[in-house]
Amino acid sequence: MKFSTKAIHAGQEPDPSTGAIMTPIFQTSTYAQTGLGGHKGYEYSRSGNPTRTALEDCIAALENGAYGMAFASGLAAEQAILSLLKTGDHMVSCDDLYGGTYRLFERVLSRYQIETSYVSASTVEDYEKAIRPNTKLIWLETPTNPLLRLADIRAVAEIAHRHNLLLVVDNTFSSPYFQQPLELGADIVVHSTTKYINGHSDVVGGAVVVKDQTVYEAIKFYQNAAGGVPGPFDSWLTLRGIKTLAVRMKQHEENAFAVARFLSAHPRVEKVYYPGLASHPDHELAKRQMKGFGGMVSFTFKGSLEDVDQIVRRLKVITFAESLGGIESLICHPASMTHGSIPREIREARGVDDTLLRLSVGIEDIEDILSDLEQALEEQPDGSQITPDKQLSFK
Ligand SMILES: *Cc1c(COP(=O)(O)O)cnc(C)c1O
């Protein structure tokens, strides 16, 4: 089956007892057993639930993996993968990571003396140089957040396997529609399904997809032992969202391209980060590794923190909020929001400047998105400032 057919049908058969076309929401915590050991594959909903199984099988099919597992959030999914490590182990990761992932590595894993070395995402040799005798895995996020740099999955997979390491790829920003890391040699794919996979900004969730049965069993064990699973209703909503993944991604990309071109031509805009632009440093790799460039665009502009505040207050169609990947356009200020937990010196060294804004371009009519940006970016005559709610300062 091809992508859209899988998105609509994989893991989902009409309900055998009623013929219902849609997978029911099996809102139950437990299942009747007929006698000792007599059950239909489900005993307790932390261990397994049929609505969740349908979601897990569908995501696994979309990533061309053998096994899928759903979690209560992207970070719960990450934590389940990290349970493969033990005290004294080491990982190598790219330095432009989702802030919550960085916090998990630096403030939770570090308590177990699990150390992470960070290298620049797009410099292939640096991954190998950072490997130590106790390194167990390499963790990539590509495209990265918020600067949309790319890591070469095939090349890093080759390094990982030469050193007997597992390669994990956070595929949240592309979705399996634009990038399939397992096909490029990765061992484990992780998603915040909160973003494009569900796509409607109404569920927090995560997923892990793997190829290998032993790796699957180890993560599956942790999923049940630690219990960070999604409920049946969240699983159902995510499954419903997935059905339109292909059409949404096509429109996200078309709109993002138009926004990237608009911003590139705008006199107030300094830098535009979008892998689809020929000026992007990883454009050639993006063409090779991805089937499309995605719906995320970041940019910096000439101005101060006060100007950032004024611009986000003036937007009417685009909402100022954290998160990404939903049908509606969202804009965020990484330095104070998603990356607020990263110390300023580290953040700035990585290019996350005070005037960097990250747009998750939605699938509204493009004319409305562009005219909203146009009016918000317009230079205002003195005295027309909107009054801020509070003094602007952050770490
Ligand atoms: C949001 C996000 C996460 C974390 O997922 P949650 O669902 O918020 O727990 C991880 N990685 C990336 C790239 C994300 O955007």
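Start by selecting Ser201, which sits in the loop between strand E6 (188-192) and strand E7 (206-210). Strands here are DSSP runs of at least two residues (E), helices are runs of at least four (H or I), and both are numbered from the N terminus. The phi of Ser201 is near 50 degrees, a positive value in a residue that is not glycine. Ser201 counts as partly exposed, at 42% relative accessibility. On this scale, buried means under 20% relative accessible area, exposed means over 50%, and partly exposed lies in between (1.4 Å probe, protein chains only).

A word on what you are viewing: this is a predicted model, in which local features need pLDDT of at least 70 and side-chain atom pairs count only at pLDDT 80 or more, while totals for chains, interfaces and linings use all residues. Residues are numbered from 1 along each chain as its sequence is written, and side-chain values use heavy atoms, with hydrogens and water left out.

Next, select Ser323, in the loop between E10 and E11. Ser323 also has a positive phi, of about 85 degrees, although it is not a glycine. With a relative accessible area of 25%, Ser323 is partly exposed.

Now go to the loop between strand E4 (135-141) and H6, where you will find Pro143 and Pro146. The peptide bond from Thr142 to Pro143 is cis, with omega near -5 degrees. The bond from Asn145 to Pro146 is cis too, with omega near 5 degrees. For background, most residues other than glycine have a negative phi, and most peptide bonds are trans.

Carry on into helix H6 (residues 153-162) and click on Glu158. Is Glu158 buried, exposed or partly exposed? Its relative accessible area is 44%, so Glu158 is partly exposed.

For a contrast, select Ser175 in helix H7 (residues 175-178). Ser175 is buried, with a relative accessible area of 0%. Which residues does Ser175 touch, not counting those up to four places away in sequence? They are His191, Tyr196, Leu245 and Met249, with contact meaning heavy atoms within 4.5 Å.

Helix H12 (residues 305-314) is the next stop: seven of its ten residues are buried, so it is largely enclosed by the rest of the structure. Colour the buried ones: Leu305, Val308, Asp309, Gln310, Ile311, Val312 and Arg314. Then show what these buried residues pack against, namely strands E9 (296-301), E10 (319-320), E11 (330-332) and E12 (357-360), together with helix H14 (366-377).

Finally, zoom out. The protein has 14 helices and twelve strands. Colour it by domain, with domain 1 at 3-242 and domain 2 at 246-390; these bounds come from an automatic or database domain assignment. The C-alpha centres of domain 1 and domain 2 lie 27 Å apart. Where the domains meet, 39 residues of domain 1 are in contact with 41 residues of domain 2. In the whole protein, buried residues make up 54% of the 395 residues. Along its principal axes, the C-alpha trace spans about 80 × 55 × 40 Å.
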